[in-house]
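Opening the notebook on a new model today. I want to look up the strand pairing, then the cross-links between side chains.

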Amino acid sequence: MARRGGGRRARAALAGAAGLAAALAGGCSADSAECTGVRSVGIVLAVTDTNTGEPLCDATVRLEHARYAEELTAEGPDPCRYLGGNVAGTYTVSVSRDGYAPTSTTVEVVSGGECGVEPVELELRLTPAEG
């Protein structure tokens, strides 16, 4: 399901989160005209309900990388996205929420040169738990 940046959906998702991503950026030095804050966010994640397709903005999202782990909070009102992963490498993305079966996937974030990493857009769907 994960795709490397460059696709229309990835650019659209990143354009909507540009201000937020720029604030999170640790990208290049100010004297580099080609670098933007958007490129330093490696994972742009949407979490949705499998049955309804509705976004789940209060899920617990955890990224694990060889060098660190982080929990993400949804950003943006419509639709919300979880942004993280600013180091190139393999990430395990785990998502859970009360009333749903947890899920996880592995995502490869690649280097974007001096500017950080290339963004990957993905969607994880949570299935309501039986019971």
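I started with strand β7, residues 100-101, which runs antiparallel to β9 and is joined to it by 2 bridges. This is a predicted model, so I keep that in mind for everything below. Within that pairing, I found Ala101 partnered with Thr127 of β9.

Next I checked what else β9 pairs with. Strand β2 (residues 43-49) runs parallel to β9 (residues 120-128), and I get 7 bridges between them. One residue I looked up there is Asp49, which sits opposite Leu126 in β9.

**Disulfide**

How many disulfides are there? The count comes to 1. Cys57 is joined to Cys80, with the sulfurs 2.0 Å apart. The two cysteines come from distant parts of the chain, 23 residues apart: Cys57 is in the loop between β2 and β3 (60-64), Cys80 in the loop between β4 (69-72) and β5 (82-84). I also looked up the handedness: the S-S torsion of Cys57 and Cys80 is about -95°, so I noted the disulfide as left-handed.

Are the two ends buried or exposed? I wrote down Cys80 as buried, because its relative accessible area is 2% and the cut-off is under 20%. Cys57 has 37%, so it goes down as partly exposed.

**Salt bridges**

I count 3 salt bridges. The pair I looked up to begin with is Arg97 with Asp58, N to O 2.5 Å. Arg97 is partly exposed at 26% relative accessible area.

Then I went to Glu64 and Arg62, whose closest N and O atoms are 3.2 Å apart in a salt bridge. I have Glu64 as partly exposed, at 38% relative accessibility. Arg62 is also partly exposed, at 32%.

The remaining entry is Glu123 with Arg125, a salt bridge with N to O at 3.6 Å. Which of these two side chains is buried? Glu123 is, because its relative accessibility of 17% falls under the 20% cut-off. Arg125, at 43%, is partly exposed.

Conventions. Residues are numbered from 1 along each chain as its sequence is written. This is a predicted model: local features need pLDDT of at least 70, side-chain atom pairs count only at pLDDT 80 or more; totals for chains, interfaces and linings use all residues. Side-chain values use heavy atoms; hydrogens and water are left out. Two strands pair if DSSP finds at least two bridges between them. Helices (H or I, at least four residues) and strands (E, at least two) are DSSP runs, numbered from the N terminus. A disulfide is a pair of cysteine sulfur atoms within 2.5 Å. Buried means under 20% relative accessible area, exposed over 50%, partly exposed in between (1.4 Å probe, protein chains only). A salt bridge is a side-chain nitrogen of Lys or Arg within 4 Å of a carboxyl oxygen of Asp or Glu.
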